[in-house]
Amino acid sequence: MRYAVLGGGKRLRPLLVLASCAAVGGERFAAIRAACAVELIHAYSLVHDDMPCMDDDVMRRGKPTTHVAFGEAQAMLAGDAMQALAFEVLTPDTGIAPALQARLCSLLARSAGHDGMAGGQAIDLASIGKQLDECTLRDMHRRKTGVLLQASVMMGAACGPASAQATKSLSDYGAALGLAFQVVDDILDVTQASEVLGKTAGKDQDANKPTYVSVLGLGAARALAQQLRAEAKAALAATGLADVSHLSLLADSVVERDN
């Protein structure tokens, strides 16, 4: 479990939780735990996705994937345990009000389940070798990647007294950012080397998976990423919050990253 969750990574989802909490003046203790929980869910999903029964990859975050290092059974159990630990972290005996615990658990569970990450991965696996239109591709990636990123923003917002307008606008920001992340991922898969990515480059193309590059073309995919960044920043401007600078910087980081 420690090998899978502590060894490298961008920590984007935890940063989104903390930046959103700061923007609404929320409870940092709750946000720190929410940030850890989101990263545990993300890391568990990577362990399972890399296994031979799914994406079958041998490198993650610049080192052998968990099942390569420890065997498939241990990797499966480590992922299962990290998923459970995420909800344990969100429900301490003291320090977080029960109503906030329930809200954080709900946001995380919904983003990781059938209408979120797990459902998106199922669609992804079922789409190998198929031609998808942009609408279907967008729905797949909204579930597989976007919803957990959006939930990270919303979990941070839940830790403070955000207005209805701020909450709606932060949700819009998270949705645009989540899609932008996946578009850039698809671009990097065909433009960067494995050593830079920290995972196997060209994997989606080799597996004949539909991506934004295969559906739209490289130039159009890059333009879409820029459009989504603009949408994310427009949503931040509509929050009415005094300081959303960290969230704005994270939007830039998502689009301008090279791994």
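Thr 145 touches Arg 13, Gly 178, Phe 181 and Gln 182, leaving out residues up to four places away in sequence; a contact here means heavy atoms within 4.5 Å. Thr 145 sits in helix α8, which covers residues 134–158. Helices (H or I, at least four residues) and strands (E, at least two) are DSSP runs, numbered from the N terminus. With a relative accessible area of 9%, Thr 145 is buried, where buried means under 20% relative accessible area, exposed over 50%, and partly exposed in between, using a 1.4 Å probe and protein chains only.

Before going further, a word on what you are looking at. This is a predicted model, in which local features need pLDDT of at least 70 and side-chain atom pairs count only at pLDDT 80 or more, while totals for chains, interfaces and linings use all residues. Residues are numbered from 1 along each chain as its sequence is written, and side-chain values use heavy atoms, with hydrogens and water left out.

Now step back to the whole chain. Its secondary structure comes to 14 helices and two strands. The radius of gyration is 18 Å, close to the 18 Å that the globule rule gives for 259 residues, so the chain is as compact as a globular protein of that length. That radius is taken over C-alpha atoms, and the rule is 2.2 Å times the number of residues to the power 0.38. Along the principal axes, the C-alpha atoms fill a box of roughly 45 × 40 × 30 Å. Among contacts between residues at least 6 apart in sequence, 74% join residues at least 24 apart.

What share of the 259 residues is buried? Buried residues make up 50% of them.

In soluble globular proteins, nonpolar side chains tend to be buried together. Take Val 183 as a place to look: beyond its neighbours within four places in sequence, Val 183 is in contact with Tyr 212, Ala 221, Leu 224, Ala 225 and Leu 228.

Helix α8 comes back into view when you turn to helix α7, residues 117–126. In α7, Met 117, Gly 119, Gly 120, Gln 121 and Asp 124 are buried, and what covers them includes α3 (28–49), α6 (98–112) and α8. Ser 111 belongs to helix α6 and is buried, with a relative accessible area of 1%. Setting aside neighbours within four places in sequence, Ser 111 meets Gly 116, Met 117, Val 147, Leu 148 and Ala 151. Leu 40 lies in helix α3 and is buried at a relative accessible area of 10%. Apart from neighbours within four places in sequence, Leu 40 is in contact with Val 5, Met 82, Leu 85, Ala 86 and Val 89. The C-alpha atoms of Leu 40 and Gly 79, 39 residues apart along the chain, are separated by 8.8 Å.

Next, have a look at the backbone in two loops. Most residues other than glycine have a negative phi, and most peptide bonds are trans. Arg 11, in the loop between α1 (2–6) and α2 (12–24), has a positive phi of about 60 degrees although it is not a glycine. At 25% relative accessibility, Arg 11 counts as partly exposed. Arg 61 also has a positive phi, about 55 degrees, without being a glycine. Arg 61 is found in the loop between β1 (59–60) and β2 (63–64), and its relative accessibility of 22% makes it partly exposed. Gly 62 lies in the loop between β1 and β2 and, at 52% relative accessibility, counts as exposed. From Gly 62 to Arg 142 the C-alpha distance is 26 Å, with the two 80 residues apart in sequence.

Finally, follow the chain to Asn 259, in the segment after α14 (245–256). Asn 259 is partly exposed, with a relative accessible area of 31%.
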